[in-house]
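The following paragraphs lead the reader through an assembly of several chains, beginning with the relations between copies and ending with the packing inside single chains. Please keep the sequence and the model in view while reading.

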Number of protein chains: 6
Amino acid sequence: MFRHVRDLQFEAKPDGPDAAFARRLQEVLGGRWGEMTVANQYLFQGWNCRLPGKYRDLLLDVGTEEMGHVEMIVTMITRLLDSAPLSLSEGIADNPIAGAVYAGSNPAHFIHAGGGALPVDANGVPWSGAFITASGNLLADFQLNVTAEAQGRLQIARLFQMTDDPGVKQLLRFLLARDAVHQNMWLAAIEQLKEDGLEEMPVPEAFGDSGECADNPRAYAPEPVLPAGDPRLYGTSPDRWDDTVT
Amino acid sequence: MFRHVRDLQFEAKPDGPDAAFARRLQEVLGGRWGEMTVANQYLFQGWNCRLPGKYRDLLLDVGTEEMGHVEMIVTMITRLLDSAPLSLSEGIADNPIAGAVYAGSNPAHFIHAGGGALPVDANGVPWSGAFITASGNLLADFQLNVTAEAQGRLQIARLFQMTDDPGVKQLLRFLLARDAVHQNMWLAAIEQLKEDGLEEMPVPEAFGDSGECADNPRAYAPEPVLPAGDPRLYGTSPDRWDDTVT
Amino acid sequence: MFRHVRDLQFEAKPDGPDAAFARRLQEVLGGRWGEMTVANQYLFQGWNCRLPGKYRDLLLDVGTEEMGHVEMIVTMITRLLDSAPLSLSEGIADNPIAGAVYAGSNPAHFIHAGGGALPVDANGVPWSGAFITASGNLLADFQLNVTAEAQGRLQIARLFQMTDDPGVKQLLRFLLARDAVHQNMWLAAIEQLKEDGLEEMPVPEAFGDSGECADNPRAYAPEPVLPAGDPRLYGTSPDRWDDTVT
Amino acid sequence: MFRHVRDLQFEAKPDGPDAAFARRLQEVLGGRWGEMTVANQYLFQGWNCRLPGKYRDLLLDVGTEEMGHVEMIVTMITRLLDSAPLSLSEGIADNPIAGAVYAGSNPAHFIHAGGGALPVDANGVPWSGAFITASGNLLADFQLNVTAEAQGRLQIARLFQMTDDPGVKQLLRFLLARDAVHQNMWLAAIEQLKEDGLEEMPVPEAFGDSGECADNPRAYAPEPVLPAGDPRLYGTSPDRWDDTVT
Amino acid sequence: MFRHVRDLQFEAKPDGPDAAFARRLQEVLGGRWGEMTVANQYLFQGWNCRLPGKYRDLLLDVGTEEMGHVEMIVTMITRLLDSAPLSLSEGIADNPIAGAVYAGSNPAHFIHAGGGALPVDANGVPWSGAFITASGNLLADFQLNVTAEAQGRLQIARLFQMTDDPGVKQLLRFLLARDAVHQNMWLAAIEQLKEDGLEEMPVPEAFGDSGECADNPRAYAPEPVLPAGDPRLYGTSPDRWDDTVT
Amino acid sequence: MFRHVRDLQFEAKPDGPDAAFARRLQEVLGGRWGEMTVANQYLFQGWNCRLPGKYRDLLLDVGTEEMGHVEMIVTMITRLLDSAPLSLSEGIADNPIAGAVYAGSNPAHFIHAGGGALPVDANGVPWSGAFITASGNLLADFQLNVTAEAQGRLQIARLFQMTDDPGVKQLLRFLLARDAVHQNMWLAAIEQLKEDGLEEMPVPEAFGDSGECADNPRAYAPEPVLPAGDPRLYGTSPDRWDDTVT
């Protein structure tokens, strides 16, 4: 079970509001490679892990940390949404920045969430359980975790280039450092798995690699000809086909 | 079965076009708490209702009314999409408003629907059958209907603040009034259900509440240790694990 | 941020395996009203809450408890998946039970998850971020939380009728009790909100209920006639229409 | 707006329960080509139609009829779900039919809907707003409506072969007849559109068919070479590339 | 199996970058009626076709050509994404065009894809396998292919009106011509199917059209009254109902 | 562009039909880690690749091969679907195998696809464009490709254990060998990328790893207190809050 601590792992306060950037920041919250993905992925991998001990502990520990990252990004987004132009007339009244913020923000941030974060990506598409994998094979999954941290860090580095706000940049810098630590952690865990004699590449090691396969694909079988099929399915069938018309 | 009446329940004509607001208005048409949700939810609850009489009638009546709300909002959106800037050059030629409208509109309104409404939310994400519930338990479902009307009214009130168009505001004010009526209607139906002796809180009443549960959650069971699992699933397994390395 | 405690809130061990029931139990893990929904919904409501203090604390506390329910159900499902028939020949070899288990289980439990739980519902459809709402309006959201607990308890009561396994029934009974506690908790929070003068029905109170709306819907506007539309969208247009053919 | 009539368009009563067939019947309710698709598609096409008169009327009339088909199929499914085996032990106790029904039914019919129909397909995947198109071009859309009725009729004909229940077969036969009528109706409407001089194939007629295109595709352009890209996106870039290693 | 040729079927180079149009162009790549849809639809129809010969060959040939259209549009989008304003300050610094491009572009093009195309529509919603149908009945499917090409051509014609870039217009003109060729091709294939005596309208011909159905829908059955339902599903039940309260 | 060759890369013929296994085999066709995922992922990575030469060629070559794997698995599934029991009475008439096949098969294989394969996973959930990533950073993406081949090979190895059919096993063995080759290929490409000086771990190398981050997460910031929010969003606000009631 879990305990919630009221403090945050890191400061999540922008120097000023920016609803257009809030929309973009959603990508690393609820997108394909966002914090909801890594949090849930590591926790499911840990809970499903049939090997007690250090690997299971590592998965649950990092997954729990990532839940705190979800919290920080939600908090940052909520603050970035303050003072946003709500209508077209506000959006163009004062200056061109307001117009771009009005047009470039996510309307659901206001209409659905009342100025709060959503479990969606930068286009407002909801996070999906299909984003995560806990296969039961730790080597396959740790490889996935390496790329999850690499893709996540890449996205945060890009977001770092998309804002001038010092407070936002400070949080992103913290997350970049954590993602670098985690990339190295999963790479080390892969080496550890091999050292412990638990799994090898190519996965799954227990299914022997025949290795007889040529490097370049070529055709080994003729064009397939399918049988006519059940007439009760009303498919177009060779049984009614006059060969002479071919 | 249904009959369609050509007249509308209420006027659905804006004073002028506004494609950026049309995108926002989609939230209460095809979003999580939009009119498509309540229309389909009440109709499915009514059709699945195993209790003949007033509750079934109420569900089918209000669901049928909500179909007419779908119609009004589709009509309003279609009209708001007129005269929209289609290209970037049009979008910035005349004035900053056109630029914000171009950038803030839903491109699918033009490319897919040719200037018509779509069964999607404010971000263009399609309406989903997963949005509705007809559980067969009327008390649980009427509670859902209360919040559906409350969330819907909240969103319409926010949209009311996002436009200056008198024609749009007039329609939204009508919908706000209907949603207030419906909130009260479902609250009254909950009281009626209890009076009729059909269901009580907590749902389901027929499964007795043991009530022995402490208010604050705490751990009652040790850390779970899972069995090794079927080797044919190639999971990482304690059977190959050397305890000394832990 | 969060801390993970290795112990479970309650015992999650079946007396025997049952992959067909494991598939059904997924509904209250990753379905529309499952534990992933309430956990994420309460946490997002708490994080987005602009009112510091007791309501925010309540949301984060209950959301954190629900994370532990996710953990217990994942653990139970993983154990129920042991010793499952993997192939058709195994499925029918011994007895009719194995045949029904083979045919009635979720294949992805084995092919994708290697004998572990998945963030999906009883049909294998992934959990979606669209299932949760954190609207910023606590009364609307607490009404949603009441129904979420009611729908969840209803589903668990039904699952209770779908198994004879004492270990499973024990866990379900625990969850039923917690969901009863939570239903009452949210109902009490609704009363508290009203007592604190923060919100009233119909939501949002701040947008006055005109109340002038007739109970029975009727038509107030004529059939809408839409303008011809932009010819660059190539829609079928009245401009080419010969009125005499109508 | 709409009016609901309590009577059904046709009898929707099976001779006996069959939860496995109820799951299959969902395909023509909430699947890609089910009644929810045609009902919503025709209504949206009608509401978005910028041409007043016979085409708009036809779309709204047929769409309204399809809403009644949704109602009939929901009613039939709800009745087919009666007396279903809920647990594995019930499923195998009496006879092999119960085992196949237990394993072959949709668990959400019971856990989520309490013995009622759902807006999902035969696999329990929710209906999606992405299933429908209302493009504003009537010829393109009537062609879609022809195939929608053809695909729907094909599916119902297949379902007709999947049951021996006379009551179910009677309803399916009615739906098959209506779908045949509708196929012919949309084919006639296509001819009418051409006669009225409103649109021609290939769509859109107003964008002239250059016709200069060879029948067989061949390459007209060399392999594309992309520019290096913005370094702030951290893509792998030719700028760091040592040409000698290629 | 397939072979890839490095050359493109047609030039895919814009005269200048335009990230806002790149977002719009995604509709005909990964939208409901985009190139991914027709490519996959024709290939699945061909692979599933149980009739060897000319129809199967046609499906696989056109499907393979459409894979090349996917390639061209991906290439065009990637080039249109160059030099895009990444931040709000860039977006408004120079001129109003940059502001509209910043606000009107798809953030995932940069954050997720690093300046590349995505398998999504103009709103960033992912392409879905639910978009395609291969029913096994060639007449039903060829009707679908006619509308797929018509809807696709319609969308490309609209996009043609949404840009002034000569390079983009050249590619769109090429695609318009191919879609016109394909519309005629599927219409001819429908005639050929009938001539070959393989299928007739209404589909499926083998299920005879009773034709006894009246043109105008009317009620043939009374209001349905459902049985009480299994008490173990905890639905609201007439068994507890006091008739006097109705 | 592409050319289609009529021959198959490998024989795809089962020794006998098995509709229940056909459903399971869909996981490696249209599931999260199926052939549609790797085919589209490698092609998009290649098309979006801004580095001409060997990496781009490798991506397009392997992606094109995977398209041929899609073809082989579709063909195998179509053949496995022959002679399936369509109705409950057929399903239980002869033997318990037919009952398990009836209950364990995917109904959409027959109702929607007429005895053909579908772009869906083992539960009938459609393939999604969200399954693929082409980030523009080759090291991040090659890491993803390693795990994609590992997860894919793991799933095929599990499917190998779920059937006794020699023809099916022969195809799976071929695919296992190809996936082993591809795992090694992507691992080698990762080493090559590093040797070529193009990228290093942690990704992105160009964003320096500060490395100052402690290994164990701890709280660095106090509990966040959010501002009151815009009253026009009707959120529950501290402005109406009487501090004494806390």
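Two residues are taken to be in contact if their C-beta atoms, placed from the backbone, lie within 7 Å. The model under discussion is a predicted one. By this criterion, 67 residues of chain E are in contact with 67 residues of chain D. On the side of chain E that touches chain D, the elements that contribute two or more residues are α4 (54–80), α8 (138–160) and α9 (166–195) of chain E. The greatest contribution to that side is made by α8(E), with 10 residues. Sorted by class, the side of chain E that touches chain D comprises 34 nonpolar, 18 polar and 15 charged residues.

The geometry of this pair can be described next. Two copies of a chain are related by a rotation about an axis and a shift along it. Chain E is superposed on chain D by a rotation of 180° with 0.0 Å of shift along its axis, and the RMSD is 0.0 Å. The two copies are thus related as by a two-fold rotation axis.

Chain F stands in another relation to chain D. A rotation of 120°, with 0.0 Å of shift along its axis, superposes chain F on chain D with an RMSD of 0.0 Å. This is the relation of a three-fold axis. Within chain F, the C-alpha nearest the axis belongs to F:A103, at 3.2 Å from it. Here the copies use different surfaces: 17% of the contact residues of chain F recur in chain D.

What does each chain bring to this contact? Chain F supplies 36 residues and chain D supplies 43 residues. On the side of chain F that touches chain D, two or more residues come from each of α5 (88–93), α6 (96–104) and α7 (108–111) of chain F. Of these, α6(F) provides the largest share, five residues. The classes on this side of chain F are 19 nonpolar, 13 polar and four charged residues.

Chain F also meets chain E, as one residue illustrates. F:R3 lies in strand β1 (residues 2–4) of chain F. Among the residues that F:R3 touches are E:F2, E:R3, E:V5 and E:T64. F:R3 has 16 C-beta neighbours inside 10 Å and therefore counts as partly exposed. Within its own chain, F:R3 is 61 residues from F:T64 in sequence, while their C-alpha atoms are 10.0 Å apart in space.

Is the arginine at position 178 of chain C buried or exposed? C:R178 counts as buried because 23 C-beta neighbours lie inside 10 Å. This residue is part of helix α9 (residues 166–195) of chain C. C:R178 and C:E66 are separated by 112 residues in sequence, yet by 9.8 Å from C-alpha to C-alpha.

Helix packing within a chain can be followed in chain B. There, helix α3 (residues 35–48) packs against helix α4 (residues 54–80) at an angle of about 155°, the axes being 8 Å apart. The helices α3(B) and α4(B) are therefore roughly antiparallel to each other, and their crossing is left-handed. Residues of α3(B) in this contact include B:E35, B:A39, B:Y42 and B:L43, and those of α4(B) include B:L59, B:G63, B:E66 and B:I73. By class, the contact of α3(B) with α4(B) has 11 nonpolar, four polar and three charged residues.

Notes. Residues are numbered from 1 along each chain as its sequence is written. Chains are lettered from A and ligands numbered from 1 in the order in which they are written. This is a predicted model: local features need pLDDT of at least 70, side-chain atom pairs count only at pLDDT 80 or more; totals for chains, interfaces and linings use all residues. Copies are superposed by least squares on the C-alpha atoms of residues with pLDDT of at least 70 in both. Helices (H or I, at least four residues) and strands (E, at least two) are DSSP runs, numbered from the N terminus. Ala, Val, Leu, Ile, Met, Phe, Trp, Tyr, Cys and Pro count as nonpolar, Asp, Glu, Lys and Arg as charged, and the others, Gly among them, as polar. A residue is buried if 20 or more other C-beta atoms lie within 10 Å of its own, exposed if 12 or fewer, and partly exposed in between; C-beta atoms are placed from the backbone. Axes are lines fitted to C-alpha atoms, for helices over the stretch in contact, and angles run from 0 to 180 degrees between N-to-C directions. Angles under 35 degrees count as roughly parallel, over 145 as roughly antiparallel, 65 to 115 as roughly perpendicular and the rest as oblique. A crossing is left-handed if the near helix is turned anticlockwise from the far one by less than a right angle, and right-handed if clockwise. Lists of a residue's contacts leave out its neighbours within four places in sequence.
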